[in-house]
Amino acid sequence: MAAKRDDRDLAELAVLSLLFTGPRHTYEMQRFLVVAHKDFVTGLPRSLYHAVDRLTARGSIEPAGAEREPGRPERMNYRLTDRGRTELTHRITTLLETPDRDANLFIAALSSMAVLPPSAVIGALENRAAFLENREMALRRATASEHLPRVLLVEADYEKSLLAHERTWVTTLIDELKTGALTWPGDPNQIVFPDGDPLAQALDGDE
């Protein structure tokens, strides 16, 4: 299943993924993306605020009450709706299983894959591995039948190498998931803060 335009919106994906762990305000989400080096989300902070507006208008997220801390402006918290949870599951599954020339889509999906159960991630990655293998085999057949100098086929060699290396990496990740070598968070908040809450410390020292 090819990724649609909405699926490719990484600012929206980041908002949905962060709100999966509980209500947050937009500034907190922005600071987490910076502190955690989620560089695939570009155009901060404007892109994030626009994403929150779009998701709210669609009913994927909703206001969850304002908060005001001493010395800071009032901020509106948002939470994920049932529609948003369904949308998040669809987006991550699609980006995990569908290879795309924009590598940031796969990077973003990997960053948020812990919102899915391991079995769903394994299924999506197995679909991806099969697609990569089929694409590599098709390229090999096509270039083997060409009577052209290799200098005109170097780009095909490059793509075959990329496909083979990615398939090996994906297959290794699948094995780690199946054997339990890659542990899964038991609590949604552990997806973001497995060892406490470093974002809170970052926010305390900001502004």
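Biologist: Hi! What should I know about this model before we start?
Modeller: The model is predicted, so local features need pLDDT of at least 70 and side-chain atom pairs count only at pLDDT 80 or more, while totals for chains, interfaces and linings use all residues. Residues are numbered from 1 along each chain as its sequence is written, and side-chain values use heavy atoms, with hydrogens and water left out.

Biologist: Thanks. How many helices and strands are in the chain?
Modeller: The chain has nine helices and three strands. Both are DSSP runs numbered from the N terminus: helices are H or I with at least four residues, strands are E with at least two. Along the sequence the pattern reads α-β-α-α-β-β-α-α-α-α-α-α.

Biologist: And what share of the residues is buried?
Modeller: Of the 207 residues, 39% are buried. Buried means under 20% relative accessible area, exposed means over 50%, and partly exposed is in between, with a 1.4 Å probe and protein chains only.

Biologist: On to the inside. Which residues have the most contacts in the largest nonpolar core?
Modeller: Val15, Ile61, Leu88, Leu96 and Leu125 do, in a core of 41 residues. Eight of the core residues come from α1, which gives the most. A nonpolar core here is a set of buried Ala, Val, Leu, Ile, Met, Phe, Trp, Tyr and Cys residues joined through side-chain atoms within 4.5 Å.

Biologist: What does leucine 125 touch?
Modeller: Beyond its neighbours within four places in sequence, leucine 125 is in contact with Leu96, Phe106, Val170, Leu173, Ile174 and Leu177. Contact means heavy atoms within 4.5 Å. The C-alpha atom of leucine 125 is also 7.9 Å from that of threonine 171, 46 residues apart along the chain. Threonine 171 sits in helix α7 and is partly exposed, at 33% relative accessibility.

Biologist: Switching to the sheet: what is the strand order?
Modeller: The order is β1-β3-β2, in an open sheet with antiparallel pairing. The edge strands, each pairing on one side only, are β1 (24–25) and β2 (61–67). Two strands pair if DSSP finds at least two bridges between them.

Biologist: How many bridges join β2 to β3?
Modeller: Five bridges join them, and β1 pairs with β3 over two. Tyrosine 78 in β3 is the bridge partner of proline 63 and of arginine 24. Glutamate 62 stands opposite arginine 79 in β3.

Biologist: Threonine 143 next: buried or exposed?
Modeller: Threonine 143 is buried, at 16% relative accessibility, and lies in helix α6. Its side chain has a polar atom 2.9 Å from the backbone oxygen of leucine 139 and reaches the backbone oxygen of arginine 140 at 3.3 Å. Not counting residues up to four places away in sequence, threonine 143 touches Leu153, Ala156 and Lys160.

Biologist: Last topic, backbone geometry. Which residues does a cis peptide bond join?
Modeller: Leucine 44 and proline 45, with omega of about 0°. Proline 45 is in the loop between α2 and α3. Histidine 37 is also found in the loop between α2 and α3, and has a positive phi of about 60° although it is not a glycine. Most residues other than glycine have a negative phi, and most peptide bonds are trans.

Biologist: Is histidine 37 buried or exposed?
Modeller: Histidine 37 is exposed, with a relative accessible area of 61%.

Notes. A polar contact is a pair of N or O atoms within 3.5 Å; within protein, one must be able to donate a hydrogen and the other to accept it, and residues adjacent in sequence count only if both atoms are side-chain atoms.
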